[in-house]
Amino acid sequence: MALIDFKVLPGIDKQDTTVGAENRWVDCDNVRFRYGLPEKVGGWASLVTDTIVGVARRQFAFVDLAGNRYVAIGTDKFLLIYFEGQLYDITPLKATLSSATIATTDTSAVCDITTSGNHNLSAGDIVLLDNVTLPGGTGFTDADFENKLFQVTSITSATVFTITQSSAATATVSTGGSIDVKPYEQVGPASQSYGYGWGTDTWGAGGWGEASSATDVSLEPGLWSLSNFGQVLIATIANGKTFTWNSGDVLRLTTRASTTTSGFETTNNPTATRVTLISPTTRHLIHLGTETTIGDTSTQDDMFIRFSDQENINDYAPTAVNTAGTQRLQDGTKIIGSLKAKEVILVWTDNALYTMKFIGAPFTFAFEQVGTNCGLIGKNAAVEIDGVAFWMSNNGFFMFDGTVKSMPCSVEDYVYDQADTTKGQQVYAGLNNQFTEVTWYYPSQGSEYNDQYVVFNYGEPMKGGVWYIGTEARTTWIDSTVYPNPFSTKFNDSSSGTFPVIIGESGLGQTTFFEQEVGTDQVNPDGSTTTVTSFVQSYDFDLQQRQQSATGQATGPTVAGEVFLAVRRFVPDFKDLQGNAKVTLAVKRYPQQSETTTALSPFTITSSTNKKDTRARGRFVNIKIENDSNSESWRFGTFRLDIQPDGRR
């Protein structure tokens with residue numbers, strides 16, 4: 001028999017059944033489509049030998065005036081700087097709690113710290129201890145505490161909290177000594193959840209004396225807004241304060257972000273803001289979802305916008321001779337996110353999209369609503385490339401190129417059926433411009449953290465674009481703008497990070513900082529290698545229909561799937577192949593039946609493989625291409641199959 005070409009269109013189709021998705025791929029992982037062909041994605045390698053404590057929620061790359069490159073990383077606990085292969089802790093500190101005392105218990109590592117006033121700490125917070133003088137007889141030395149980070153283990157009272165040392169005390173010593181406690185600024189929870197019980201809603205909202213329900217209030221994760229004012233990093237904790245860090249300072253790597261950075265103070269900034277950014281041409285610092293009265297957090301209005309005077313990030317009082325001002329948006333309940341676009345700033349609420357454009361005096365900025373029912377699912381769920389924005393909402397994917405458009409998506413039901421949209425603030429959109437990909441990383445139902453992704457390839461010339469999916473999730477991503485390759489972060493909640501070093505750390509998890517598109521596998525912080533496996537699987541194609549179409553035998557109506565056929569052999573054609581690839585044929589008798597892997601599958605394919613003889617018999621068959629070993633990479637071409645009739649039973 002003649003060999004029949006097997007060709008499949010690019011992208012994944014999960015809107016149809018595996019039989020109905022004709023000429024499409026139906027499943028994949030760690031695969032991208034380029035020039036219409038599927039291929040394994042590039043590998044990734046850890047940028048540092050340390051892993052980060054906690055979960056990263058934002059990355060931002062920038063360059064100082066001397067050409068030095070930096071990446072700021074905001075986590076649920078820290079603000080870090082990556083510079084020349086090293087991590088540095090620049091997390092801002094709260095006001096020092098001076099002259100606290102310490103108490104120990106014999107054979108216990110738990111120490112009680114008593115402050116002179118309310119400490120306003122919570123279990124899990126991070127504190128730096130300084131100027132330590134211990135009482136005698138504890139079995140510890142001052143150096144065991146001096147300039148060390150500790151995680152707050154528990155809260156005993158408004159003035160007493162506990163920490164856990166790495167070893168036990170040798171005696172019970174009542175409160176004494178003197179310690180300065182420097183609390184780290186609180187960022188927020190590691191994951192998004194719903195609030196329970198007292199304090200999550202207005203007293204008596206469900207009836208006097210009743211706790212609010214779990215669906216009343218969403219407790220958003222710890223998030224950051226990161227941007228730059230020249231060589232100065234602007235860092236805002238979501239619903240918190242704004243800090244600056246000057247990369248031009250000589251002692252920058254040992255200096256923390258602060259509200260009092262010389263020449264770039266933010267002491268007059270709002271103290272509760274959802275999102276900030278610097279306008280790209282006018283250099284206003286814009287606060288979105290902020291206070292109507294600066295410094296009074298109780299006046300935070302989630303739809304209120306405040307912007308500084310031009311070139312002055314600490315002046316917000318509108319006058320006749322400056323360009324500071326305010327604006328309140330109307331459509332929605334809260335501002336979710338914002339992006340710098342080609343000629344405007346895009347501002348999303350939970351329901352609408354607005355443009356913010358500089359127009360000069362007297363109004364400074366003009367606001368225009370350009371879309372409704374298209375709100376953003378999370379503050380990091382949008383990207384912009386060449387004047388076009390792409391984003392994920394609670395009910396679909398959208399783009400804006402001057403007009404808001406709903407994007408047809410061939411995996412939409414699959415994504416939204418499994419995505420936990422109540423954790424929308426954890427969704428992270430990443431741009432990989434080299435491969436014309438926009439990727440949304442998201443948590444699935446039952447997962448606390450991102451564990452899935454969906455990709456839109458805007459460069460593939462196919463109506464509706466090309467979509468694909470996978471499971472190698474990330475919590476943050478930045479494209480190759482400052483560095484030659486994208487950087488990403490991956491979180492593991494069952495391991496402990498190594499930077500910063502925290503005594504008594506427990507339950508904070510571990511983030512690995514990766515450079516993407518490097519090699520073929522995952523290179524870990526310790527230098528070991530983890531295999532990056534990948535696969536792509538085709539639709540279930542009708543052997544009879546395929547055979548008749550190829551041979552021209554069909555002269556009248558065809559009864560699809562009426563006759564069993566046999567695939568006797570196939571000829572693989574890989575555009576690129578490094579190492580081995582595996583090909584599996586699976587057959588079924590009926591569309592709803594579970595597939596059966598054929599007897600000789602999987603077939604190992606090398607660069608010297610000419611053909612493979614098979615024993616595949618059925619009405620429908622699909623093809624799966626994969627790799628499962630180190631140093632393997634592949635790019636598919638076509639298959640040619642020898643199909644022959646093989647009876648009706």
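Residues are numbered from 1 along each chain as its sequence is written. In this predicted model local features need pLDDT of at least 70 and side-chain atom pairs count only at pLDDT 80 or more, while totals for chains, interfaces and linings use all residues.

Strands here are DSSP runs of E with at least two residues, numbered from the N terminus. Strand 21 (residues 224-229) is largely enclosed by the rest of the structure, because five of its six residues are buried, that is, under 20% relative accessible area with a 1.4 Å probe and protein chains only. Strand 21 runs antiparallel to strand 22 (residues 232-237), and six bridges join them; two strands pair if DSSP finds at least two bridges between them. Phe 229 stands opposite Val 232 in strand 22. Two residues lie between the strands of this hairpin, where Gly 230 takes a positive phi near 70 degrees.

A cavity is a set of points, on a 1 Å grid over the protein atoms alone, where a 1.4 Å probe fits but cannot get out; lining residues have an atom within 4 Å of a point. A volume is the space filled by probe spheres set on the points, which are joined across faces, edges and corners. By this rule there are two cavities of 30 Å³ or more.

The largest cavity has a volume of about 210 Å³. Its lining comprises 18 residues, with Arg 32, Val 41, Tyr 441, Tyr 453 and Trp 477 nearest its centre. Strand 37 gives the most to this lining, with three residues.

The second largest cavity has a volume of about 40 Å³. Its lining residues include Glu 220, Arg 274 and Lys 379.

Technical notes:
Heavy atoms only, no water. Buried < 20%, exposed > 50% of the residue type's maximum accessible area, 1.4 Å probe, protein only. Helix = DSSP H or I, 4+ residues; strand = E, 2+ residues; numbered from the N terminus. 1 Å grid on protein atoms, 1.4 Å probe; cavity = no way out; pocket = protein on both sides within 12 Å on 5 of 7 lines; lining within 4 Å.
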